[in-house]
Amino acid sequence: MKKFCAFLRGVNVKGTNMKMADVCKVFSDAGVENVSSVLASGNILFQSDKNAAELKKILEKAMSDHFSYDAFLFIKNEEEIRDIFKNNPFPVTENYHSYVFLGSEKVEKTLLEEFEKATKEEGEKGKIVNEIFYWQVPKGQTLDSTFGKILGKKSLKDKITSRNINTFEKIIKKL
């Protein structure tokens, strides 16, 4: 059995509230094993013999049916999660947040184009490494930066989710 993490989009923000214990039960009922959560932002660890594409279909349907909302999730296996964390191109800096964007195929190119068009805060950076878009922004500017506002576009709703790099560190510790 492989270890995976499902990264749910839009959980516990803008009125889509759910308890992680309930989410874990939905995952277990959908047939995956050893289910647990990391933080309340929709990071669900589990094990399965199925591949990520099959799991995405099964788990999105289970979540949508149970919680009556359009569930979007992105699934990465343990090796991918470790690589994403290891490949962060930005050094940990006290006054900056670093984010990782997970999404549908080629969305990282769309994110980079949007980032390049956006007005930048001092020290704000964006970069693609191995088809993953990384973003570093001064603390306190995440939602106020031009790029941060772009991320709320409806056209990106089902295509991306983001996590602070610190979340990846916490996930790795629980894998």
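Helices (H or I, at least four residues) and strands (E, at least two) are DSSP runs, numbered from the N terminus. This is a predicted model, in which local features need pLDDT of at least 70 and side-chain atom pairs count only at pLDDT 80 or more, while totals for chains, interfaces and linings use all residues. Residues are numbered from 1 along each chain as its sequence is written, and side-chain values use heavy atoms, with hydrogens and water left out.

Four strands form an open sheet in the order 2-3-1-4, with antiparallel pairing; two strands pair if DSSP finds at least two bridges between them. Strand 2 and strand 4 (73-77) stand at the edges, each with a single partner strand, so one side of each has no neighbour in the sheet. From one strand to the next the twist averages 20 degrees. Axes here are lines fitted to C-alpha atoms, for helices over the stretch in contact, and angles run from 0 to 180 degrees between N-to-C directions.

Strand 2 (residues 33-37) and strand 3 (residues 43-48) run antiparallel and are joined by three bridges. They form a hairpin with five residues between them, and Leu39 in the turn has a positive phi of about 65 degrees. Ser36 has Leu45 of strand 3 as its bridge partner, and Ser37 has Ile44.

Ser37 is partly exposed, at 22% relative accessibility; buried means under 20% relative accessible area, exposed over 50%, and partly exposed in between (1.4 Å probe, protein chains only). Beyond its neighbours within four places in sequence, Ser37 is in contact (heavy atoms within 4.5 Å) with Met20, Cys24, Asn43, Ile44 and Lys174.

**Helices across the sheet**

| Helix | Lies across | Angle |
|---|---|---|
| Helix 1 (residues 20-29) | strand 1 (2-8), strand 2, strand 3 and strand 4 | about 160 degrees to strand 2 |
| Helix 3 (residues 78-86) | strand 1 and strand 4 | about 95 degrees to strand 4 |

**Helix 2**

Helix 2 (residues 52-67) has 16 residues and reaches 21 Å from its first C-alpha to its last, close to the 22 Å expected at 1.5 Å a residue; the expected span is 1.5 Å times one less than the number of residues. Its buried residues are Leu55, Leu59, Glu60, Ala62, Met63 and Phe67. They cover an arc of only 165 degrees around the axis, which puts them on the same side of helix 2; the arc is that of the directions from the helix axis to the C-beta atoms. These buried residues pack against strand 1, helix 1, strand 3 and strand 4. The face turned away from the buried side carries the exposed residues Ala53, Lys57, Lys61 and Asp65. After helix 2 comes Ser68, with a positive phi near 55 degrees.
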